Amino acid sequence: MSDPLYRQLTACTSVLVGKKATADGSTLIARNEDSQAAWPKHLTIHPHQKLSTAPHFVSKDTGFTIDLPLEAAKYTATPEWTDEYGIFEEDGINEYGVAMSATESAYSNSRVLGFDPYIENGIAEEAMVTVVLPYVKTAREGVARLGAIVSKYGTTESNGILFSDTDEVWYLEIGSGHHWVAQRIPDDSYAVVANQLAIQEVQFDQPDWFMTSAGIQDFARDNHLWQADTPFNFRNIFGTQDQSDLVYNTPRVWYGQKILTPSVKQQPQDFNLPFLRQADAPIQVEDIAQILGSHYEGTVYDPIGHGTPEEKHAFRPISLAKTQESHILQMRPNLPVDVSGIHWLSMGVTAQSVYVPFYAGADDVPVNYQKGTKDYSKDSIYWTYKLAGILVDAHYAKFAKDLEQTQKHINSLMVQNIVTTDQAIAAETDTHQRTMLMTKGSAKAAQLAQHEMERLSAKLITDSANLSPLNFTTDHNL
């Protein structure tokens, strides 16, 4: 079982984008994994497996158990550095072109939980990617599998889970011990979610766009949570609207929508911000990176900005020190399934890090992405990025420009590397050789980004030497 404090600290921000809302027709799902300020993540690629005996999964987090299928697909994942509290694989893309991110922690109201309480040994965030992603071939199948598990075994917590493939993007929300709903994000729309149940009106007569637990309407009606002749607003029936939401959650949704849809003027503490929006311009991967790395820039609420002390700490920002990793899972159109998936991964604090693209079709990752414990070590890529952020923190006003220039340069290098790797892959027909090219391309991207970030750290250390509080201007005549 996990340390209760560990699980209480878990909180995230998510973005989902339909294929017609992006500049290149990709689907995008993305999330900051926020938990602890010094708690490394690793990147791994699980190989395809066929077993003779069904594996029996037991969660170290909650005690949840389930027998898994004999065959498991290859998939990427970002597990914890230790499995003491469970696996927490969090995000990945499988060989069938399905992406999954779990979870966006959420909260349900006490009345709902009185009628359908959490199950102590039910499924939780820790196990979801591990028991779902290797066993589904479409995003819709992912929703169905996880939903069936929640309905049968129950859950220990309310959560939002992101699924996508090259065609569809789905968001599933668990609202009580056994009940859930899922909505497909319209192709021309996006959603920003921040630790609240977000799905609004559920259309039960539109199965192409909505999926739900069996009997959820009866449950809500019989327990006087919903009147049958009114719209079934999942957010209002199962969710919360309290003071903590106004400080912790809704301002992040407001700012994400402000970035993508600046033409619509809204207030940061509006309980009625819509779940779905249409962007003012086609969405790029960099736009999602901007949201996940943001901290209310250009407003008085920026904690490193120019507002009053009260304004600068009024709202919880999207990017904060407790981010362990951030990911953007991009499913690109009109490409072979093994080439279409790009797992963009940012280690450490998103605002102070960079996204490195890994081909989901690769078969290995750099060694330093597989290392790192709770104590700093130079051989861990997590700590490489954390070090740069900590150096910037010490003199943010002075070093912010250096960081920004490095981030932009690295992003250009990452895009260039994808272009050249894609070209090499397109000219290759042998499957094994294509896998090798994707593995090498991913490794090159990681090395390029690491090199530039280490150059930044070296510069910051050098420049910091003259900024000591023990410094003193010496009279050269002495």
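**Buried helices, nonpolar cores and a helix crossing**

The buried residues of helix H3 are Glu125, Glu126, Ala127, Met128, Val129, Thr130, Val131 and Val132. The model is predicted.

Helix H8 (residues 250–260) gives a second case. Here 10 of the 11 residues are buried, so H8 is also largely enclosed by the rest of the structure. Thr250, Pro251, Arg252, Val253, Trp254, Tyr255, Gly256, Gln257, Ile259 and Leu260 make up the buried set of H8.

At the level of the whole chain, 14 helices and 18 strands are present. The radius of gyration is 22 Å, close to the 23 Å that the globule rule gives for 478 residues, so the chain is as compact as a globular protein of that length. Its C-alpha atoms fill a box of roughly 90 × 60 × 45 Å along the principal axes. Of the 478 residues, 56% are buried. Contacts between residues at least 6 apart in sequence were also classed by separation. Of these, 71% join residues at least 24 apart.

In soluble globular proteins, nonpolar side chains tend to be buried together. The largest nonpolar core in the model holds 60 residues. Ile288, Ile328, Val356, Tyr369 and Tyr385 touch the most other members of this core. Helix H13 (residues 396–426) supplies the largest share, 8 residues. A second, separate core has 32 residues. Ile66, Leu133, Val143 and Trp180 are among them.

Tyr385 also has contacts beyond its sequence neighbours. With residues up to four places away in sequence left out, Tyr385 touches Met347, Ser353, Val354, Val356, Tyr369, Ala449, Gln450 and Met453. Val356 and Tyr369, on this list, are, like Tyr385, among the core residues that touch the most other members.

Tyr385 takes part in the meeting of helices H12 and H14 as well. The axes of H12 (residues 381–394) and H14 (residues 431–464) come within 9 Å and cross at roughly 35 degrees. The crossing is left-handed. From H12, the contact involves Ile381, Thr384, Tyr385, Leu387, Ala388, Leu391 and Val392. From H14, Ala449, Gln450, Met453, Glu454, Ser457, Leu460 and Ile461 take part. By class, this contact has 10 nonpolar, 3 polar and 1 charged residues.

Note on methods: Residues are numbered from 1 along each chain as its sequence is written. This is a predicted model: local features need pLDDT of at least 70, side-chain atom pairs count only at pLDDT 80 or more; totals for chains, interfaces and linings use all residues. Side-chain values use heavy atoms; hydrogens and water are left out. A nonpolar core is a set of buried Ala, Val, Leu, Ile, Met, Phe, Trp, Tyr and Cys residues joined through side-chain atoms within 4.5 Å. Buried means under 20% relative accessible area, exposed over 50%, partly exposed in between (1.4 Å probe, protein chains only). Helices (H or I, at least four residues) and strands (E, at least two) are DSSP runs, numbered from the N terminus. Contact means heavy atoms within 4.5 Å. Axes are lines fitted to C-alpha atoms, for helices over the stretch in contact, and angles run from 0 to 180 degrees between N-to-C directions. A crossing is left-handed if the near helix is turned anticlockwise from the far one by less than a right angle, and right-handed if clockwise. Ala, Val, Leu, Ile, Met, Phe, Trp, Tyr, Cys and Pro count as nonpolar, Asp, Glu, Lys and Arg as charged, and the others, Gly among them, as polar. The radius of gyration is taken over C-alpha atoms; the globule rule is 2.2 Å times the number of residues to the power 0.38.
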